[in-house]
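Dear colleague,

I am passing on the structure we spoke about, and I would be grateful if you could look it over with the notes below beside you.

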Amino acid sequence: MTKVTLPLTGIRVLDLSYVFAVPYMAGLLSDLGAEVIKIEAPHKLDQTRGRAFGPYLDNDPAQDPWNRSGIFYVVNRGKRSLAMDLSQPEGQEIFRALVAKSDIVLENFTPRVMRKWGLHYDELKKIKPSLIMLSNTGYGSTGPWSSFPSQGTTLEATMGITFYTGYRGDKPWKVGQSYPDFIACWAGLNGLWAAIAHMRKTGQGQWVDVGMYQLGVALMPEPLLQKQLDGTEPIRMGNEHAEHVPSNLYQTKGTDQWLALSIHTDDQWATLTTLMQKAELASDPRFSTAAARQLHRDAVNAVVAAWCLTHTPQALFEQLQAHGIAAAPVLNSRDLLQDPHLKHRNFYETVTHPEPIGERPIIGRPYKLRFRDAHIKKPGPRFGEDNDSILREIIGKTPEQISALKDSNIVSDFPTNPGLSGTMDTESMLKLKTLIAVDHDYRTK
Amino acid sequence: MEHSPSKGALTGLRVLDLSHGIAGPFAARLLGDHGADVIKIERPVTGDFARTLAPLKRDAPTSEQSLLFQYLNWNKRSLALDLRLADNKSLVQKLVEQSDIVIESFRPGRLDQWGLGVDQLLAWKPTLVVTSVTNFGQTGPYAQYAASDLTLQALSGIMQISGQVDREPLKHGLSQSFYCAGLTAAYASIMAYTAAQADQFGEHVDVSIHECLASELVLNESYYAFLGAVQGRRAVVQDPFAGEPIPTRKGYLAFQTGGGAPFETLAELFDRPEFREKRFSSPPEREKRVPEVKALLEECVANREAKEVFLAGAQKRLLLGVVQSAEDLLSCEHLQERQAFAAIEHPATATHYRFPAELAKLSLTPTSVRRRSPILDEHRDEILAQIGSCA
């Protein structure tokens, strides 16, 4: 059999980015064989190493909180860390030397920053013509809003998703956690892989300019087209569907347990009425057709809700799926790690981190390859963990030169301005129900 | 700037799109946007079921009413072909032999039943990439389960942390699951194509929509994996700097801390010195008096217009968002300047609408919309002549 390889074996990536979107892109590239070097500023911690995003291992910041943040290890798996100050000329010079020996640069500074440092793509491609660079910013490098700061949490509103999310009759609702970052991650990888394919064919590098804001419209064509068609907008209707009834979330037996259920055809409705032991509803003219059920939405929901309340979500899930009906419980983070399907597919990979973290499950990738062994190749790096080896091996710095760089804080083994740390107030979060449990035996579950 | 060929990065590739609905067709279209020649195979008579998805232009022929279909299928040519019929197998073989990537979204096992399983396709074309985009992937106990956008958001954990603690979990609006999976399937296809070309050995990419969503929970999962904490939904009284929409006289704003400007900049924006006081400016102090901070912020914006505050704050480098609807986005000055929309004319619906048409700007190989979405079976003669003559 032909020998297959991971597509990024031998490729070096310099990752200058912070928080979620681009760090996650770079982490996913490392799963495909790339050597990814995360370049972090000694004086400005990646927010995912800090208090804002936490959580720290066992909710204990200890002596080195920046090496204990869970989220950091998920999105930065597989990388090496160089803690170096790019705002200083010496740091910029080392960076240029690294670019000469690298293939891809990823960054998410606001557009003026790289230009100010003389590290804009136009400069870097002079060093390495085949270089691919991706810049991910809130609004892209051009246009009147390009200098606005942004992060996923508030961008979600601006990009349009929030307007179409919310309980029926209620105001717009923010969803999830930094949703735009993940859209940007997947969309950025599209641009990046297209650029890689072109580079493999022609040897030419290029610059990929991602503006997260405009990705929102790409994922909500329905209201944009409806507006142009007849001037109307879809209304917020919680978990319901404009056409399919019932398609909703129902409370079940147990505390805070829910079942999502979608009926797509009249035949499925008939099946459901039998399961609910209300077969007479299948032929009831108020419910027998999709159009009728849309008119009697509340009555349909009431019948299904009453039935669901008397069963566990797991029993309903299995029973409905056995009859080909789309149904699923709402899983929490504990459930997900124990879910038999995700386990079967090895979706969470067990990664061995240095103590005290040890073996932890880390989210893998949303796709499987049949022939090639994509996998998380090493744990995320401790702060500045690879300073010496990167400077020595890749650009030939001597131990004396490395010491001098550390003495002048161009390179640092410790954050020089780590900011606040602290424990999360789990007691009051439990009281507010923003946490629903803290399992002290979580490692053995 | 150096001379730009202005051709897509995937020019010269052929993609065979056997998929239907949103996720698979969106992925195939994104490859077309990069320059690939995409042939869409649809079931005869009715075509891809996305041809029935809203919004619909009701006065057009039945299979041509969907504007959403138009969005998901430009840069493609259509051939109606019943894949179940043995008589069509040799034509499918010719199509596969002349393609680089096949995208499909049938229930796992269905293609095998028709003698068109991945092994057969790879036997016909050893360097082929087959990308399967399904609800739960090709393997595992849920592989044959039915799903909807709603049930996928439930089972992936997305809904558990969305909504308010004292109410039911809340899904993301519209059909987000399928677009997320489309983005993933597109880049994974290009990735696998790159690998297949290097090794001269193909690949089967198994994309699970469920896992695309579960992949977004990097924070939620690490709460459990590093701490044992199970997150719930949003507090009844939320930290006003966590993005919750706050009403103004016209529209809603969202606030976040940590932009380029210090927190005290809010004092300047609203002409309210309180924001300089430590009880508000220090994060741990502020967290102790959430209702008070929230009330202050609400008061500051109550008589303003959301977009005006957003622009003023963003110019001061504060992290702000403004809740925008389709109407706002269609008239947004920034999107206009970025040329985020393409105006596309379609004879079947007699429409000339603006569609979101670009994910990212590639300096050397820009994406493009070269042809409108196809009418069902529109390119039969052209495709058959082309495939036949090359065989």
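Two strands are taken to pair if DSSP finds at least two bridges between them. Please keep in mind throughout that this is a predicted model.

By that criterion, strand β12 (residues 367–369) of chain A pairs across the chain boundary with strand β6 (residues 203–208) of chain B, the two running antiparallel and being joined by three bridges. Within this pairing, A:L369 stands opposite B:V205 of β6(B).

The contact between the chains draws on 137 residues from chain A and 130 residues from chain B. On the side of chain A that touches chain B, the largest share, 16 residues, is supplied by helix α7 (residues 179–202) of chain A, and the residues of that side divide into 78 nonpolar, 42 polar and 17 charged.

Turning to the interior of chain A, strand β5 (residues 132–137) is largely enclosed by the rest of the structure, because six of its six residues are buried. Both of its faces are covered, with A:I132, A:L134 and A:N136 buried on one side and A:M133, A:S135 and A:T137 buried on the other.

β5(A) pairs in the parallel sense with strand β4 (residues 104–107) of chain A over four bridges, and A:I104 stands opposite A:I132 there. β5(A) also pairs in the parallel sense with strand β6 (residues 207–211) of chain A, over five bridges, where A:V208 is the bridge partner of A:L134.

With best wishes

Note on methods:
Residues are numbered from 1 along each chain as its sequence is written. Chains are lettered from A and ligands numbered from 1 in the order in which they are written. This is a predicted model: local features need pLDDT of at least 70, side-chain atom pairs count only at pLDDT 80 or more; totals for chains, interfaces and linings use all residues. A residue is buried if 20 or more other C-beta atoms lie within 10 Å of its own, exposed if 12 or fewer, and partly exposed in between; C-beta atoms are placed from the backbone. Two residues are in contact if their C-beta atoms, placed from the backbone, lie within 7 Å. Ala, Val, Leu, Ile, Met, Phe, Trp, Tyr, Cys and Pro count as nonpolar, Asp, Glu, Lys and Arg as charged, and the others, Gly among them, as polar.
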